[in-house]
Amino acid sequence: MKPPMSWQGWEGSSGTVGTSSPGVVLVLVLVALVGLWAPPVVSEQPNFIVILADDVGWGDLGANWAETTETPHLDELAAEGTRFVDFHSAASTCSPSRASLLTGRLGVRNGVTHNFAVTSVGGLPLNETTLAEVLRAAGYSTGAIGKWHLGHHGHHHPSFRGFDYYFGIPYSHDMGCTDTPGYNVPPCPPCPRHGTPARIPRKDCYMEVALPLFKNVTIVQQPVNLSSLAARYAEEAARFIRRASGRPFFLYLALAHMHVPLGVSSPPPPNSGRGIYGASLSEMDALVGQIKRVADSHGKGHTLLWFAGDNGPWAQKCELAGRVGPFVGAWQRQRGGSSAKQTTWEGGHRVPALAYWPGRIPAKRTSHALLSTLDIFPTLVALAGAALPPNRRFDGLDVSPVLFGWSDVGHKVLLHPNSGAAGKDGEIETLRLAQYKVFYTTGGAMACDGSVGPAQHHQPPLIFNLARDIQEQEPLDVASREYQAVLPAISRAYAQALEDIATDNVSIADYSKDVAATPCCNAQHVACRCHQPGTHAAVLEHHTGRRATRLCL
């Protein structure tokens, strides 16, 4: 049996071909012809809105999964734009995923390999250039609203990373107590107050410091009111869009949904479908619909809206976790643990993704191109007419031909970094080559039942053919002709990817901790409570520097 045609003459892990062949010549001719047929380049700089949902499952989008009924606005967005069904987060946990979106580089290059803490001194290395910095230099008004989680102390704060305006929480909203603790598994108590009896610390509950809400570099509320957070984010996003009149804008809206604790403004009635999770999903959907309406009213046809998830569902949260759809990671689940968030199984990094741009992006289209949040950086930079930062390599691609419907070809190879379940954080031990998913290391994160799948190293690697085994249930038999046919191309791709990283200009993040880096509105009050959130006194402390270290500057 001959190897499949797709492997003959294939070289390289970055989408390039090492040697010429008749097939390559034909491809180049076709690319040239597509260029001749393509519509003209965008004549003016478009606006960009990137909405990043947190811990959302591929199956949480009704357009992806028929059982989901809580997302009519997102489904409308899919009908009026393009839906990407083979779209992946750059990592399966918070900080690395966000760092990669904003740099176009994996954590092994940009230095962010695991999550930052409340007391983190560092963040995304300052020598890494963010998407906001590139776009601001190109004339854009830039705003970030929502979760940051890339460092909050000193110049790691978003106000110093290219954003003209910031409103949000500097890390995940379970990393601090609130008076409205919402829904979590297990539940966490509200923040302590003066005169309340001391509580026994509960695992996974942050009780010492209340969750802060920032407006630029000033804490305006501590603790945050989670019940009204979604409405405040929508209001701030709408205000930013309206104020950007006359200049192109870039809005990075990093939602608290669907990460726990889920804080819904009004609890759903009993026996109402998916309960709290469904109500929170509906709230997120309505928020996205509101942003779309504002963007359309600001100038329909001038704004690209890109919606995606940062990683898959957090399975250990049980009924408060999302749906992975068909991407169940059956091989791992049979051996214990979750195959969603923190893992390199499909459920951990295959996420819902939509792009909407009336008049530019085709409506009612489903793309099967292999894409990633890594691609957002180079694509938006290209559409803005800007240049990529020099002296570094990028893992993302300019996928504007896919957005515009001229092509349905994305990555030939996509790398999936370890994200907490197994192996050293950030290292590349899983990759995708065409329809083949390759594991050199496997492991399961904590599941709802408390089980954890042990780390296992595989040499030769496990190989799944996703074209016929989307559940990742049965790896190819090592002795099979198919395995033997694809292994050489996989080995070459893997070796070349590691060599490319090893010879790149890479960064190292500072993961040191210091309690002085903790965001604190007023250290004299229990849990750093603001006596009167947002008052002149709180702002004055920041500007005079009297509590500069506690305000993260």
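C94 has a relative accessibility of 2% and therefore counts as buried in this predicted model, which averages a pLDDT of 89, with 86% of the residues scoring at least 70. Where pLDDT is low, the predicted coordinates should not be read in detail.

| Disulfide | S to S distance |
|---|---|
| C177 and C191 | 2.1 Å |
| C318 and C448 | 2.1 Å |
| C520 and C528 | 2.0 Å |

The torsion about the S-S bond of C318 and C448 is about 105°, so this disulfide is right-handed. C318 lies in the loop between strand 9 (303–309) and helix 8 (330–333), and C448 in the loop between strand 15 (436–444) and strand 16 (453–465), so the pair ties together parts that are 130 residues apart in sequence. C318 is partly exposed at 22% relative accessible area, and C448 is partly exposed at 46%. C177, by contrast, is buried at 3%, as is C191 at 3%. The link of C520 and C528, with -100° about the S-S bond, is left-handed, and both cysteines are buried.

Helix 2 (residues 72–80) and helix 7 (residues 275–299) pack at an angle of about 45°, their axes 7 Å apart, and are therefore oblique to each other. The residues of this contact divide into six nonpolar, two polar and five charged.

Terms used:
Residues are numbered from 1 along each chain as its sequence is written. This is a predicted model: local features need pLDDT of at least 70, side-chain atom pairs count only at pLDDT 80 or more; totals for chains, interfaces and linings use all residues. Side-chain values use heavy atoms; hydrogens and water are left out. pLDDT is the predictor's confidence in each residue, from 0 to 100. Axes are lines fitted to C-alpha atoms, for helices over the stretch in contact, and angles run from 0 to 180 degrees between N-to-C directions. Helices (H or I, at least four residues) and strands (E, at least two) are DSSP runs, numbered from the N terminus. Angles under 35 degrees count as roughly parallel, over 145 as roughly antiparallel, 65 to 115 as roughly perpendicular and the rest as oblique. Ala, Val, Leu, Ile, Met, Phe, Trp, Tyr, Cys and Pro count as nonpolar, Asp, Glu, Lys and Arg as charged, and the others, Gly among them, as polar. A disulfide is a pair of cysteine sulfur atoms within 2.5 Å. Buried means under 20% relative accessible area, exposed over 50%, partly exposed in between (1.4 Å probe, protein chains only).
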